[in-house]
Protein chains: 2
Amino acid sequence: MRLFPLATAAVLSLVSSHLPAQPTAWQPRPVQGATEPAEVIATSTAEDWRAIDPENLLVMDLADGGRVIIELAPAFAPIHVDNVRRFARGGWWDNANVYRVQDNYVAQWGNNESEVPMPPGVTRQPPAEYERPIEGLAIRPLAFPDSYAPMAGHADGWPIAYDPARGMAWLTHCYASVGVGRDLAPDTGSGGELYAVIGHAPRHLDRNIATIGRVIEGIAFLSARPRGTGTLGFYQADRGETPIPIRRVRVAADMPAGEQPRFEVMRSDRPAFTAFVTGRANRGGTFFNVPAGGVDVCNVNVPVRRRAG
Amino acid sequence: MRLFPLATAAVLSLVSSHLPAQPTAWQPRPVQGATEPAEVIATSTAEDWRAIDPENLLVMDLADGGRVIIELAPAFAPIHVDNVRRFARGGWWDNANVYRVQDNYVAQWGNNESEVPMPPGVTRQPPAEYERPIEGLAIRPLAFPDSYAPMAGHADGWPIAYDPARGMAWLTHCYASVGVGRDLAPDTGSGGELYAVIGHAPRHLDRNIATIGRVIEGIAFLSARPRGTGTLGFYQADRGETPIPIRRVRVAADMPAGEQPRFEVMRSDRPAFTAFVTGRANRGGTFFNVPAGGVDVCNVNVPVRRRAG
């Protein structure tokens, strides 16, 4: 039985009577010969980048030598980010572990169900910092529709979605996004248990959980791990599954000057970024033949790179 | 400098003058209390599912015991799929290996750069089966906009995008999608080298490469692997990186009857599927507080499950 017997394109509008209408105004306009993204980066200038403040860099060293570096987003979840810095400075994650790895979803770490005391000054019940006012953000709208929100785009190099009617914006859950594990509502989590996305963007988490940053280097030390066989990917000790030990987590600003990793992010408010997005939406070069003419906010992959001393 | 100083929502329409206009007709209409996806599956009936033909099941056994099972999509790439069956039946992948694992992108396997002869009957230069006519497909439109194509939806349980104006449809590159590795155009690849997506949907590959199916079980045997450190994630022998040996690959129909894995896919042309999509677009239950009111075609995650004898 075919409820949607689309013999020709002409009947498309007839078959979805019990479905919400899909907007049809959108017609991609592919650009042939767009500059390849790598070329945009290669020809960018120093002004096209912003340095990451070492107060906003979290450096997680795993016991096996892996290093995962996270950029924090205090503009979007200031109290949770303040908590995260306090957890790092209080040694909360030193000798903690990655105890959950769920395929196509998240890797999560902290002191799950253990009795480690919280460092002083941690806000135990932060407010739901799941979105923030558009006001004060320099938003670059993405020129392509989003499947989840009225608008998507970038602000200060972060992928976001936003609702002009309500005047609110939020970080989108993309690959490598970092969020705060929580129990059921109205709990928002303190920030002691964090997760990183290791699969297709779970955008249904947007506005349901505090997003505090993104992994900018070393995500494979989380993604290329055995999956846990418990519900939600929790490792099961009784099945011989071993959590991944964390040696320590530091705020980069607290590391000896010579050891601090230094990164920069492509600014989203300059023409170079628009050229980059155009390149991502219209892949060309010697391999691609059909530019899409569009890209979703989580496949833009904002450039982040090491910077010189 | 802020090129997009969005102080209020009211100025949104003013700031993107050098950008293509983003469609604004789309406003998500969240559904509170939508049935949770797991509940839709639990209450579905036998008629809501279609069995997978064992001719369309590829069973890849890795030497370390991992089993990866792939559903083939002959309706979208018939010549490439015919080749894939011939490669399996000719033993092409027996003792081949997974030689490329690129984080947030693909794992790829076959006989890369080795001199294994092709089995008889393989079409060496298949046509570019990158899209097909809408005609003959029972398409269920997704009621939410797509960032890459005029329309997205499902046909016979497969995630697709399509262009009514041209009357053409194509499989979308989602997590676990399987495609045919190729060199530069106009080569389309024979089907001997395959890849599976292990990251965020690389939709820019749509219509640039032949998609022949999807992994329906065991994707973690590909995704939870060390990443290769070579360009594009190729394993580097001179750095001690070891390809993952494949024991054998079979078409399920050729296996002893008692050993054939049996699967079924939720049909996309029945009300249960619409309820499932509504649930994916409007997560609720005890954890989620803010239903998105939308979902992208690659985050629908069409239900596939084992079926009884």
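Reader: Is B:Pro141 buried or exposed?

Author: In this predicted model, B:Pro141 has a relative accessible area of 6% and is therefore buried, since buried means under 20%.

Reader: In which strand does B:Pro141 lie?

Author: The residue B:Pro141 belongs to strand E7 of chain B, which covers residues 139-141.

Reader: How far apart are B:Pro141 and B:Met168 in sequence and in space?

Author: One may read a pair of residues in two ways, along the chain and through space. Between B:Pro141 and B:Met168 there is a separation of 27 residues in sequence, and their C-alpha atoms are 14 Å apart.

Reader: Turning to chain A, what is the order of the strands in the open sheet?

Author: The five strands of this open sheet follow the order E6-E10-E9-E8-E7 in chain A, and their pairing is antiparallel. The edges are formed by strand E6 (132-133) and strand E7 (139-141) of chain A, each of which pairs on one side only.

Reader: How many bridges join E6(A) to strand E10 of chain A?

Author: Two bridges connect E6(A) with strand E10 (residues 168-171) of chain A, and these strands run antiparallel. Within E10(A), A:Met168 is the bridge partner of A:Pro133.

Reader: Returning to chain B, where does B:His80 lie, and is B:His80 buried or exposed?

Author: The position of B:His80 is in helix H2 of chain B, residues 78-89. Its relative accessibility is 0%, so B:His80 counts as buried.

Reader: Which residues does B:His80 touch?

Author: Leaving aside residues up to four places away in sequence, B:His80 touches several residues, among them B:Pro126, B:Pro127, B:Glu129 and B:Val180. Its contacts also include B:Thr188, B:Gly189, B:Ser190, B:Ala210 and B:Ile212.

Conventions:
Residues numbered from 1 in each chain as written. Chains lettered and ligands numbered in written order. Predicted model: local features only at pLDDT ≥ 70, side-chain atom pairs only at ≥ 80, totals over all residues. Heavy atoms only, no water. Pairing = 2+ DSSP bridges. Helix = DSSP H or I, 4+ residues; strand = E, 2+ residues; numbered from the N terminus. Buried < 20%, exposed > 50% of the residue type's maximum accessible area, 1.4 Å probe, protein only. Contact = heavy atoms within 4.5 Å.
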